[in-house]
Amino acid sequence: MKQQINVDDLGLIDYQQAWDYQENLLQQNVRIKLDASRAAVATPPATIHHLLFCEHPPVYTLGKSGHMENLLINEQQMKEKAISFVPTNRGGDITFHGPGQVVGYPILDLEYFFTDLGRYLRSLEEVIILTLADYGIAAGRSKGETGVWLSPEDPATARKICAMGVRCSRWVTMHGFALNVNTDLSYFNHIIPCGITDKKVASMHEELGGPVPVEEVKVRLQKHFGEVFGAELMVKV
């Protein structure tokens, strides 16, 4: 039987607020698993899978293995530009979130899918690659670098269109991916994105020469998420 994933669109939401919401959903699932383990029940714990979509006001986030020197502006400059800064507990280095970007936060119990974080990240990448293909954008992977790239085989033109960073606790995931749809890429000029100095960033808007309907992108992401994870997506109305 297919796993069901509840889809919820949070709209434009503060990064910390979205993080707290994810953390709450993750901890609910962890408690369910711990209670089942203590009770030694024979049936699998009834954890609940979620896929959250949102956009954030301008914010730079730094992963737990990131380096502050990849933030190229100071606190006063960020204040003048109305950009927040949040150190996080996800993997990866520094990235930017802002309007026009589709952020996806899957809270999945991987014990119902596969207990392999590498495979999980490759699966998230595949969802993005398939979605971009719907728009005629050929995307792929860059060896040793998580995320989705355009022209990854050519160092001179390689550019990242989707960043990823996750956390996993007792095989329950949180955080996820950030796909640049209509994102203002000038914000990336003030950081070294993901700590990678020799590659640029890209957006669907830039590649296609005009704005892309964000809601349409979310629908296509849901479709491919269901395909890649073999799951049924239940959209909240």
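The following exercises, with worked solutions, concern a predicted model.

**Exercise 1. Determine how strand S6 is covered and which strands pair with S6.**

Solution. 
Step 1. Strand S2 (residues 49–55) runs antiparallel to S6 and is joined to S6 by 5 bridges. Within this pairing, Leu51 stands opposite Pro106.
Step 2. Strand S10 (residues 172–180) also pairs with S6 in the antiparallel sense, over 4 bridges. Here Val103 stands opposite Ala178.

**Exercise 2. Decide whether Thr61 is buried or exposed, and identify the partner of its side chain.**

Solution. 
Step 1. Thr61 lies in strand S3 (residues 59–62).
Step 2. Buried requires under 20% relative accessible area. Thr61 has 0% relative accessibility and therefore counts as buried.
Step 3. The side chain of Thr61 makes a polar contact of 2.8 Å with the side chain of Arg90.
Step 4. With neighbours within four places in sequence left aside, the residues in contact with Thr61 include Tyr15, Val86, Asp93 and His97.

**Exercise 3. Describe helix H3, its ends and its buried residues.**

Solution. 
Step 1. H3 (residues 117–134) has 18 residues; from first to last C-alpha the helix reaches 26 Å, close to the 26 Å expected at 1.5 Å a residue.
Step 2. At the N-terminal end, Asp116 caps H3, with a side-chain oxygen 3.0 Å from the backbone nitrogen of Gly118.
Step 3. After H3 comes Gly136, whose phi is positive, near 75 degrees.
Step 4. An α-helix has 3.6 residues a turn, so residues three or four places apart point the same way. Among the buried residues of H3 are Leu121, Leu124, Ile128 and Leu132.

**Exercise 4. Locate the largest nonpolar core and state which element gives the largest share.**

Solution. 
Step 1. The largest nonpolar core has 37 residues, of which Leu179, Met204 and Phe229 touch the most other members.
Step 2. Elements giving two or more residues to this core include S2, H3, S10 and helix H5 (214–229).
Step 3. H3 supplies the largest share of this core, 7 residues.
Step 4. Apart from neighbours within four places in sequence, Met204 is in contact with residues including Leu132, Ile161, Leu179 and Val217.
Step 5. A second, separate core of 17 residues includes Tyr15, Ala18, Cys54 and Val172.

Note on methods:
Residues numbered from 1 in each chain as written. Predicted model: local features only at pLDDT ≥ 70, side-chain atom pairs only at ≥ 80, totals over all residues. Heavy atoms only, no water. Buried < 20%, exposed > 50% of the residue type's maximum accessible area, 1.4 Å probe, protein only. Pairing = 2+ DSSP bridges. Polar contact = N/O pair within 3.5 Å; in protein donor to acceptor, adjacent residues only side chain to side chain. Contact = heavy atoms within 4.5 Å. Expected span 1.5 Å × (residues − 1). Core = buried A, V, L, I, M, F, W, Y, C linked by side-chain atoms within 4.5 Å.
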